[in-house]
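Student: I have the sequence and the model open before me. May we work through them by question and answer?

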Amino acid sequence: MTRLAAVLVASTRAAAGTYEDRTGPVIADWLRSRGFEVVGPVVVADAVIADALSEQLAQHPDLILTTGGTGVSPDDRTPEATRALLDLELPGIAEEVRRRGAEVTPSAILSRAIAGVAGRTLVMNLPGSSGGVRDGLAVLGDVLDHLLDQISGGDHPAH
């Protein structure tokens, strides 16, 4: 069974064509290497990330990964847009991404990224930096299959 994932990039500059997004393709390639069918990367301005998230969620993918819009700039609203759609949050995932990132880059603690479940879709915000994306994918890779199995109603594996 092929799983479906969507990649959303929140970047006003990339959406306007004044900056080339480098994080979305990294995420999409990582997902494809794990056997996912991938929609995107879809690049949108920060102001419309909420609409883009809702549109992708309506397609009922197994996973939506966002990149960008998680900092403290006035336009950074990806966590708020995500939180509005979630049925439950998974704070440990975002906390671990920040912890690992801070080992290398102190500013990683400024990320407001969140992760959680909306219906039967895992939604996770990744920072807009390539290092933050690598940290986030490393954390997610450790738990992704188990987490998606749980979301879809699977049982805990025997230890």
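Student: Which residues lie nearest the centre of the largest pocket?
Tutor: In this predicted model, 25 residues line the largest pocket. On a 1 Å grid over the protein atoms alone, a pocket is an open set of points where a 1.4 Å probe fits, with protein on both sides within 12 Å along at least five of seven lines, and lining residues have an atom within 4 Å of a point. Nearest the centre are Ser107, Ala108, Ser111, Pro127 and Ser129.

Student: How are residues numbered, and what pLDDT do local features need?
Tutor: Residues are numbered from 1 along each chain as its sequence is written, and side-chain values use heavy atoms, with hydrogens and water left out. Totals for chains, interfaces and linings use all residues of this predicted model, side-chain atom pairs count only at pLDDT 80 or more, and local features need pLDDT of at least 70.

Student: How many residues lining the largest pocket are polar?
Tutor: Both α5 and α6 supply at least two residues of this lining; helices (H or I, at least four residues) and strands (E, at least two) are DSSP runs numbered from the N terminus. The classes are nonpolar (Ala, Val, Leu, Ile, Met, Phe, Trp, Tyr, Cys, Pro), charged (Asp, Glu, Lys, Arg) and polar (the others, Gly among them). The lining of the largest pocket has 8 nonpolar and 4 charged residues, and its polar residues number 13.

Student: Which elements give two or more residues to the lining of the second largest pocket?
Tutor: Among the 17 residues lining the second largest pocket, the closest to its centre are Ala10, Ser11, Arg13, Tyr19 and Gly128. By class, this lining has 3 nonpolar, 9 polar and 5 charged residues. The elements that give two or more residues to it are β1 and α1 (12-16).

Student: Is Arg3 buried or exposed?
Tutor: Buried means under 20% relative accessible area, exposed over 50%, and partly exposed in between (1.4 Å probe, protein chains only). Asp149, at 36%, is partly exposed. Arg3 has a relative accessibility of 15% and therefore counts as buried.

Student: Which residues are linked with Asp142 in a network of salt bridges?
Tutor: Asp142 and Arg100 meet in a salt bridge of 3.1 Å, N to O. This pair links distant parts of the chain, with Asp142 in helix α6 and Arg100 in helix α5 (residues 91-102). Asp142 is exposed at 57%, whereas Arg100 is partly exposed at 25%. Linked with Asp142 in the network are Glu96, Arg99, Arg100 and Glu103.

Key
A salt bridge is a side-chain nitrogen of Lys or Arg within 4 Å of a carboxyl oxygen of Asp or Glu.
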